[in-house]
Amino acid sequence: MAQAGKHPRIILVTGASGYVGGRLVPALEARGERVRCLARTPAYLAGRFSPSTEIVEGDVLDPGSLQPALDGIHTAYYLVHSMGSREAFEERDRAGALNFARAARRCGVRRIIYLGGLGGDGHLSPHLASRQEVGAVLASGGPPTVEFRASIIIGSGSLSFELIRGLVNRLPVMLTPRWVRAEAQPIAIGDVIAYLLYGLDLEADGNEVFEIGGPQRVTYGELMREYARRMGVRRLMIPVPFLSPRLSSLWLGLVTPLYARVGRKLIDSLRNDTVVRDRRALERLPVRPLAVRPAIERALAEEDRELARTRWSDAVSSSGNRPSWGGRRFGSRLIDRQQALTAVEPVRAFAPIQRIGGRNGWHYGTWLWAVRGMIDLLVGGVGMRRGRRHPVELRVGDPLDFWRVEALETGRLLRLRAEMKVPGRAWLQFEVEPEGGGSRITQTAVFDPAGVAGLAYWYGLYPLHWLIFRGMLRGIVRAGVTEPPVPGVV
């Protein structure tokens with residue numbers, strides 16, 4: 001817990017815009033810690049964390065910028081690496097770590113906590129060698145350092161996990177090179193955060209290195225098969241001896257959405273076994289990491305919760321770019337958003353949404369919805385025969401044709417979860433917000449594809465879905481002008 005008293009300790013987090021740092025900061029805030037973040041571009045962190053968290057501009061490659069960030073700091077988390085840079089990342093990481101270590105020592109920082117990479121005996125890849133070198137530089141040049149070394153981190157958005165997910169989702173048949181048979185000890189992102197938090201109050205004399213991992217040793221191929229089982233798809237893997245790391249990275253660039261430079265460096269590191277050989281983390285710390293299967297299940301469940309908490313309209317427009325054909329991505333999900341303005345107030349704008357489905361129809365192409373329901377019946381689905389419980393009233397859990405009401409905020413939000421037969425999972429959400437003297441209606445279709453069949457389903461039917469959803473939104477706007485509001489809703 002945070003130290004009591006008039007002047008609580010201040011914790012600095014570098015790399016707060018990254019995958020681990022972005023999850024560590026809220027965890028520190030939840031403990032009541034006073035947090036400061038070092039960022040090259042503070043605007044990138046605006047609004048991401050609690051208002052009490054301080055954002056300071058600085059760069060580990062600019063020694064002069066570090067003292068304002070490190071003044072008064074009790075413990076500093078070092079979560080910086082340059083794997084995505086065009087230059088030699090080893091030199092940048094070495095220089096950044098040395099600058100930070102020296103500045104931390106001058107400013108009286110009591111401890112540095114660093115997240116590095118597992119890798120044992122033998123010739124390490126440049127990526128893993130650099131991660132371990134950074135830990136050594138921090139420990140030798142700065143205050144006492146606690147280094148946690150991890151293998152694959154399982155969590156939505158983790159580079160290694162997204163690599164595995166991308167391959168499984170896109171390739172029903174895989175030619176697998178040697179690195180797919182390398183052993184790893186995957187660990188859930190929640191367990192990584194727990195270890196990093198325990199590093200704050202760990203009793204240690206001098207520098208410490210802890211190897212952390214889940215309870216299972218698995219190959220990358222076994223991890224792919226487990227993810228495929230969780231998604232309900234089957235994948236054929238054919239071992240081949242001739243795919244070098246460089247050829248593998250080129251192949252990877254063709255079939256996954258990973259950033260090319262990072263992908264090449266990551267693939268090069270996969271030839272190393274990354275397993276725990278030193279069990280002191282289990283002996284000295286109370287974290288008991290999840291096994292692979294529950295870790296994957298938690299990652300996907302957390303993604304569902306994050307998607308539910310996030311306004312999908314924000315998720316697809318945050319980049320500032322115009323939507324591309326086929327929709328935007330949010331994790332593994334594909335998202336299509338359409339919006340319309342209406343002159344009526346939100347209560348009237350929402351009324352046609354609350355009446356949607358059943359005998360009321362779908363405001364556009366209702367016969368097409370009926371055809372889709374017949375197809376669903378033919379393949380063993382529920383079809384459109386369930387209708388709706390009441391012509392006007394809705395409640396969470398209600399069936400609605402081949403949908404089910406998953407979330408309802410009367411007058412503002414309706415989210416439907418698909419129960420028709422589809423190769424994946426699907427949602428349809430409507431939001432109504434005040435806009436000027438009227439309202440803005442946002443309609444969002446979300447699809448979580450299961451393998452290649454799911455991707456083929458989404459892209460094959462996308463033009464038809466776009467036409468139907470666009471027509472439906474226009475019909476909702478027209479109905480909001482002519483239909484009365486729902487009785488009892490103000």
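**Reading a predicted model, feature by feature**

Student: Where is the place of L38?

Tutor: L38 belongs to strand β2, which covers residues 34-39. Strands (E, at least two residues) and helices (H or I, at least four) are DSSP runs numbered from the N terminus. Residue numbers start from 1 along each chain as its sequence is written. The model is predicted, and local features need pLDDT of at least 70, side-chain atom pairs count only at pLDDT 80 or more, and totals for chains, interfaces and linings use all residues, while side-chain values use heavy atoms, with hydrogens and water left out.

Student: Is L38 buried or exposed?

Tutor: Buried means under 20% relative accessible area, exposed means over 50%, and partly exposed lies in between (1.4 Å probe, protein chains only). L38 has a relative accessible area of 7%, so this residue is buried.

Student: Which residues is L38 in contact with, leaving aside neighbours within four places in sequence?

Tutor: A contact means heavy atoms within 4.5 Å. For L38, the partners beyond those neighbours include L12, V13, V56, V60, L66 and A69. Take A69: its C-alpha is 6.5 Å from that of L38, although the two are 31 residues apart in sequence.

Student: What does K421 look like, buried or partly exposed?

Tutor: K421 has 47% relative accessibility, so it counts as partly exposed. K421 is placed in the loop between β18 (413-418) and β19 (424-435). Not counting residues up to four places away in sequence, K421 touches R372, D376, V379, G380 and G381.

Student: How many residues does helix α3 have, and what is its reach?

Tutor: The expected span of a helix is 1.5 Å times one less than its number of residues. Helix α3 (residues 89-106) has 18 residues and reaches 26 Å from its first C-alpha to its last, close to the 26 Å expected. Among the buried residues of α3 are F89, D93, G96, F100 and A104. After α3 comes G108, with a positive phi near 80°.

Student: How many aromatic pairs are there in the whole structure?

Tutor: Rings of Phe, Tyr and Trp (its six-membered ring) pair if their centres lie within 6.5 Å; planes under 30 degrees apart count as stacked, over 60 as edge-to-face and the rest as tilted. A search of the whole structure finds 12 aromatic pairs. In one of them, the rings of Y78 and Y114 have centres 6.2 Å apart and planes at 50°, so the pair is tilted. This pair links distant parts of the chain, with Y78 in strand β4 (residues 73-78) and Y114 in strand β5 (residues 111-117), 36 residues apart. Y78 is buried, with a relative accessible area of 2%, and Y114 is buried at 1%.

Student: How is the pair of W369 and F402 arranged, and which parts does it tie together?

Tutor: W369 and F402 form a tilted pair, 6.2 Å centre to centre with 35° between the planes. W369 lies in helix α14 (residues 366-378) and F402 in the loop between β16 (399-400) and β17 (403-409), so the pair ties together parts 33 residues apart in sequence. Both W369 and F402 are buried. Ring pairs also link W362, W369, F402, W403 and F469 into a cluster.

Student: And the whole protein: how many helices and strands does it have?

Tutor: The protein has 15 helices and 20 strands. Buried residues make up 54% of its 490 residues.
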